There are 2 protein chains.
Amino acid sequence: MAPQAFFKNEPDAPILKSAKLPGPEGARRSAELSEVFDTRSINIMADYPKSVGNYLATPDGDMLLDVYAQIASIPVGYNNPHLAEIASSPQMVDALINRPALGNFPSHDWAEILKKGILKVAPKGLGNVFTALAGSDANELAFKAAFIYRRQQERGGPDVAFTEEELQSAMNNQKPGSPELSILSFRTAFHGRLFGTLSCTRSKPIHKIDIPAFDWPQASFPQLKYPLDQHATENAEAERAALAEVEHLIQTWPKPPAAVIVEPIQSEGGDNHASPAFFRGLRALTRRLGVLLIVDEVQTGVGATGRFWAHDHWDLPHPPDMVTFSKKAQTAGFYYGDHALRPNLPYRQFNTWMGDPARALINAAIVDEIERLDLVRHTARVGDYLFAKMELLAARYPDHFRDLRGKGQGTFIAFDSPKRDAFLAKAKEFGVNIGGSGASAVRLRPMLIFQEHHADILLDAFEKIVKAL
Amino acid sequence: MAPQAFFKNEPDAPILKSAKLPGPEGARRSAELSEVFDTRSINIMADYPKSVGNYLATPDGDMLLDVYAQIASIPVGYNNPHLAEIASSPQMVDALINRPALGNFPSHDWAEILKKGILKVAPKGLGNVFTALAGSDANELAFKAAFIYRRQQERGGPDVAFTEEELQSAMNNQKPGSPELSILSFRTAFHGRLFGTLSCTRSKPIHKIDIPAFDWPQASFPQLKYPLDQHATENAEAERAALAEVEHLIQTWPKPPAAVIVEPIQSEGGDNHASPAFFRGLRALTRRLGVLLIVDEVQTGVGATGRFWAHDHWDLPHPPDMVTFSKKAQTAGFYYGDHALRPNLPYRQFNTWMGDPARALINAAIVDEIERLDLVRHTARVGDYLFAKMELLAARYPDHFRDLRGKGQGTFIAFDSPKRDAFLAKAKEFGVNIGGSGASAVRLRPMLIFQEHHADILLDAFEKIVKAL
């Protein structure tokens, strides 16, 4: 028996009104927008009020099955009724029109809003949060916490005063006040596009070229062979080598790393996986060397891998020092456990808004909805269903579905396609919106309300695409 | 005859229920929050639903006249009815629950939302916008545009391809792909706290210490003597010297500046003013040397200086290349005019959300309200009224009101106080919430709906404070 649809008003299948996307109205709206806004990265001009559940509407009346979901950031469906209810509540109106400077003038209900949402799903052992606006600034806040903590340790503890030389040199961007420390990231990682995070991002030259960067180290991310269970020995060797490189870089890089930042699955970089053993090794290594571990769950967090946090798969004996979030959380920040990651003095980690209570309220509604519909377990199950069928498809079309990956990782599934860009373009002709990552990966990022019957439509489209390519 | 109150439900005067702030309920809420959120920078625990117009409520029922306004970021009053109307509209619900990745999947009404708000008040000559989330990322986006533009010029135009060496070195954070270029800022400037903007921020060591920074240049900001009209000759000399230093740094700094960033009035750094002639000189100088000029209007923009943009006071023959905004705009981004500031390829300036349509809708409602009530002209008039009375007060208490400044700059008024922190603490005892800036400045940042009768209450409080100090 088919499970009940979460969204009863979804169409039964994609609807294509336009012979080719964009249709005339989409093209007109896009041209209008491009007069004032850079639209060269436009993928689809959308009509959100007409979108529903897993389906993205266009201004021409097309309805596309959306397994890209605003770059992996819509969690519980377009026009989710429970979110709509919260969005029209008096508390939301208050949050929108009386935007507080949360560090100076928090609202009396800020603790309650946090506890209803962001903190209710805090990773194990990390019960504190510093709120932010997007993944990139969340990561930079975590970096700052790491640098401040590191210098505090080097100085001999939080009570040791800054020297006059430190205070003065910091004003000139010179050491010792502006220390020559670094953050270590991995090759093909993506952590954002601000100046600190972009220095850690190593996905594509187009993200980085012409922008000044810090001289920070990068370690090789283990390049595993798929399917993972058929290449266990060589993959374990690749992971050991990567850990050895991390250790070497930490011990030798002229600007010592205060932290290592890592994604559970390298998402923008092409859906590159590593094993729980690798991450346990990385946690053990960073603890041994006194370097903090920041897990960037901006894309992997909030259920898509079949666990609320992707790092829940790792069975870590000690939690990460910090975990950053954004995207499907619809708000952002970093979690931490150790109060020593609060700087020794106020105003060292501070900015005007420090997040947005309106987005934190949406987050709380998302958490409610995930619990009400048991969406994390649901996603694990649908992911297994989809992956099993994709294995069959890959067996039939091995040239088109290479290195299928994401088994047991919910719907966080990807494969390489030799004609990737044509594959993605063709998908639209069959009414499906799919995204790519890295050089040749097709990545699936459906919402948490993606169900078996949507998987069947997607699988059917896959077959049509490869036959048409 | 007194002008009509914009908010009829404001109290006639501040209300103090608590013998000392915070009252018991505020203290309890604050302790609760501090378990999960760093509250050491807390100023007042607020109750926003009970706040109204210029008055900030506390959970204990206190009502403070608020001339700090969430660090200069509330424009048209707490619980403004027009904003409440927009905040409960179906369009707002849509923006909140269907958050788009604006660069890839803009909504069909995004151009319209921009034109109703952000672009309706675009600075002269700068009809394009790149949207962001807060002042700090807005500035970093402007920096990236400047670096990309600079390298494009050096390369010989937008059509010249990247070299293989550039592409590969960028991935390693090394030149030539990661160029050794800089942004020039001024001493005592504040431009944000992310890694690029913090490298340009020179306000206080506590903002910068322990955080790695780029080796970027800083020029002296002219240190003017107040009142400006009594020190015209020496101030002009100070401004000439500052411009000469800017020219020297641009010509000699080993990492050449791609742009100069400047605040119209250095706000966090202590309300430091410079003359329109200085800024005209800076515009001429940067044009002559082929360096872009970014005007950071994050704190000065949106009416508080008696013009919509503070740089409207300068009468520039050529507009700035970019103008950044946030705070009272309640959304953020940078304006630009020249299409060459759109990078030659898509995805060079890009991120998942690229702003927030919900906040852009609030911005449009703010623009409406400013026009409906003619609030920019209003603020110019109330500012003149307040400044004239403060001059009298300063004449009577010269030790307490030093270097009164901001004449003709709307309500963007400040003065130095030898007992600044005590002054601010004492203000609360008389029911007024005021902020400081720099080492010893008291800065006034009332909302645009601050009226003459509020000025009278504030002036009365000033007198009580200095008598009590």
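A salt bridge is a side-chain nitrogen of Lys or Arg within 4 Å of a carboxyl oxygen of Asp or Glu. Keep that handy for the exercises below.

This is a predicted model: local features need pLDDT of at least 70, side-chain atom pairs count only at pLDDT 80 or more, and totals for chains, interfaces and linings use all residues. Residues are numbered from 1 along each chain as its sequence is written, chains are lettered from A and ligands numbered from 1 in the order in which they are written, and side-chain values use heavy atoms, with hydrogens and water left out.

**Exercise 1.** Work out how chain B is related to chain A.

*Solution.* Step one: superpose the copies, by least squares on the C-alpha atoms of residues with pLDDT of at least 70 in both. Step three: name it. That's the relation of a two-fold axis.

**Exercise 2.** Describe how chain B and chain A meet.

*Solution.* Start with contacts (heavy atoms within 4.5 Å): 125 residues of chain B touch 125 residues of chain A. Next, the buried area, meaning the accessible area (1.4 Å probe) that two parts lose on being put together, summed over both. Here that comes to about 11,300 Å², with 60% of it on carbon and sulfur atoms. Phe105(B), His108(B) and Asp210(B) supply 8% of the area that chain B buries against chain A, more than any other three residues. Now look for charge pairs: ten salt bridges cross this interface. Arg151(A) and Asp210(B) make a salt bridge through their side chains, at 3.8 Å from N to O. Both also belong to a network of salt bridges, which includes Arg150(A) and Glu154(A).

**Exercise 3.** Which parts of chain B does the pair Glu166(B) and Arg155(B) tie together?

*Solution.* First check the distance: their side chains form a salt bridge at 3.0 Å, N to O. Then place each residue. Glu166(B) sits in helix H7 (residues 164-171) and Arg155(B) in helix H6, so the pair ties together parts eleven residues apart in sequence. Helices here are DSSP runs (H or I, at least four residues), numbered from the N terminus. Last, the accessibility: buried means under 20% relative accessible area, exposed over 50%, and partly exposed in between (1.4 Å probe, protein chains only). Glu166(B), at 5%, is buried, and Arg155(B), at 15%, is buried too.

How values were computed
Helices (H or I, at least four residues) and strands (E, at least two) are DSSP runs, numbered from the N terminus.
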